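Here is a quick tour for anyone meeting this structure for the first time. Have a look at the sequence and the model, then read on.

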Amino acid sequence: LTIIQKAIHSETAPSYMKDLCQIHVPRRALRSSADQWQLNIPKSTNQYGHRSLMVLGAKLLNELPADIRCPTSQASFRKNLKTVLFKQTFSSAII
């Protein structure tokens, strides 16, 4: 997820990584879809395609809360991502 976030929001990311990660643009402008920072999930035809960085990375990034996906510094993204992942892991372990 940090690689994909860096590819989207960083100026120093390689151009081929930026080409792989395309931000979703809705067909109509809705207030609810403003500033969502979701990625397009490309279609894959086999089991290896489902596990690729483009497909799985886009799915995982889209599942994060919207405030974490917004363009922030790399350090704050990592901190917030760590918090979300710990909450998901330990909330399911307690139940």
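## A first look around

Let's start with Tyr16, which sits in helix α2 (residues 15-20). Keep in mind that this is a predicted model. Tyr16 counts as exposed because its relative accessibility is 55%, and exposed means over 50%. Together with Leu20 and Met54, Tyr16 makes up a nonpolar patch on the surface, and the three share about 290 Å² of accessible area.

Now for the whole protein. Of its 95 residues, 22% count as buried.

| Helix | Confidence in the protein | Mean pLDDT |
|---|---|---|
| α2 | lowest | 74 |
| α6 (residues 74-94) | highest | 85 |

Where pLDDT is low, the coordinates should not be read in detail.

Next stop: Ile8, found in helix α1 (residues 2-9). Which residues does Ile8 touch, leaving aside those up to four places away in sequence? They are Cys21, Ile23, Trp37, Leu39 and Leu61. Ile8 and Trp37 are 29 residues apart along the chain, and their C-alpha atoms are separated by 9.6 Å. Across the protein, of the contacts between residues at least 6 apart in sequence, 43% join residues at least 24 apart.

Definitions and conventions
Residues are numbered from 1 along each chain as its sequence is written. This is a predicted model: local features need pLDDT of at least 70, side-chain atom pairs count only at pLDDT 80 or more; totals for chains, interfaces and linings use all residues. Side-chain values use heavy atoms; hydrogens and water are left out. Patches are made of residues with over 30% relative accessible area and no salt bridge: like charges are joined within 9 Å, nonpolar side chains (Val, Leu, Ile, Met, Phe, Trp, Tyr) within 5 Å. Accessible areas come from the Shrake-Rupley method with a 1.4 Å probe; for residues, only the protein chains shown count as cover. A salt bridge is a side-chain nitrogen of Lys or Arg within 4 Å of a carboxyl oxygen of Asp or Glu. Helices (H or I, at least four residues) and strands (E, at least two) are DSSP runs, numbered from the N terminus. Buried means under 20% relative accessible area, exposed over 50%, partly exposed in between (1.4 Å probe, protein chains only). Contact means heavy atoms within 4.5 Å. pLDDT is the predictor's confidence in each residue, from 0 to 100.
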